[in-house]
Amino acid sequence: MKVQVYPPPFASLTALDEDGMMVLPPGTRLFSVYRRLKIPLVLQPLVICQVNYQRVKLNTQLKDGDVISFMLPLAGG
């Protein structure tokens with residue numbers, strides 16, 4: 001199955017094709033995407049992840065055509 005991924009700026013992009021798509025086996029869960037993007041463990045709690053624009057848990061099972069987006073909380077003053 002293929003999913004569209006909008007990775008955080010510090011992620012490894014080697015698992016994505018030129019269109020930002022990632023090929024995964026059926027039944028893959030979201031935490032596998034974190035591993036493929038090589039998101040450091042210390043940064044995982046700081047990253048907001050959404051599947052199809054809804055916040056989900058790391059054990060969410062993905063489906064073909066899902067859109068996975070990552071955001072970082074911003075602070076300013």
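Okay, let's start with K38: at 57% relative accessibility, K38 counts as exposed. Exposed here is over 50% relative accessible area, buried is under 20%, and partly exposed is in between, with a 1.4 Å probe and protein chains only. Before I go on, this is a predicted model, where local features need pLDDT of at least 70, side-chain atom pairs count only at pLDDT 80 or more, and totals for chains, interfaces and linings use all residues. Residues are numbered from 1 along each chain as its sequence is written, and side-chain values use heavy atoms, with hydrogens and water left out.

So where is K38? It's in the loop between α1 and β3, just after the helix. When I say helix or strand, I mean DSSP runs, numbered from the N terminus: H or I with at least four residues for helices, E with at least two for strands. K38 isn't a glycine, yet its phi is positive, about 55°.

Now step back into the helix. α1 covers residues 30-37, and its buried residues are L30, S32, V33, Y34 and L37. What lies over them? The cover includes β1 (2-6), β2 (21-23), β3 (48-51) and β5 (67-71).

That takes us to the core. By nonpolar core I mean a set of buried Ala, Val, Leu, Ile, Met, Phe, Trp, Tyr and Cys residues joined through side-chain atoms within 4.5 Å. The largest one has 17 residues, and V5, M22, L30, V33, L37, I68 and F70 have the most contacts inside it. β1, α1, β3 and β5 each give two or more residues to this core, and α1 gives the most, with four. As a general point, nonpolar side chains in soluble globular proteins tend to be buried together.

Take L30 from that group. Setting aside neighbours within four places in sequence, L30 is in contact (heavy atoms within 4.5 Å) with C49, V51, V56, K57, L58, T60, L62 and I68.

On to the strands. I call two strands paired if DSSP finds at least two bridges between them. β1 and β2 pair antiparallel over three bridges, while β1 and β5 run parallel and are also joined by three bridges.

Is S69 buried or exposed? It's buried, with a relative accessible area of 10%. Not counting residues up to four places away in sequence, S69 touches Y6, I48, C49 and Q50.

Last stop, N52, in the loop between β3 and β4 (54-55). N52 is another non-glycine with a positive phi of about 55°. This one is partly exposed, at 33% relative accessible area. What does N52 touch, beyond residues up to four places away in sequence? That would be G65, D66 and V67. The C-alpha atoms of N52 and D66 are 5.9 Å apart, with the two residues separated by 14 residues along the chain.

That's my tour, thanks.
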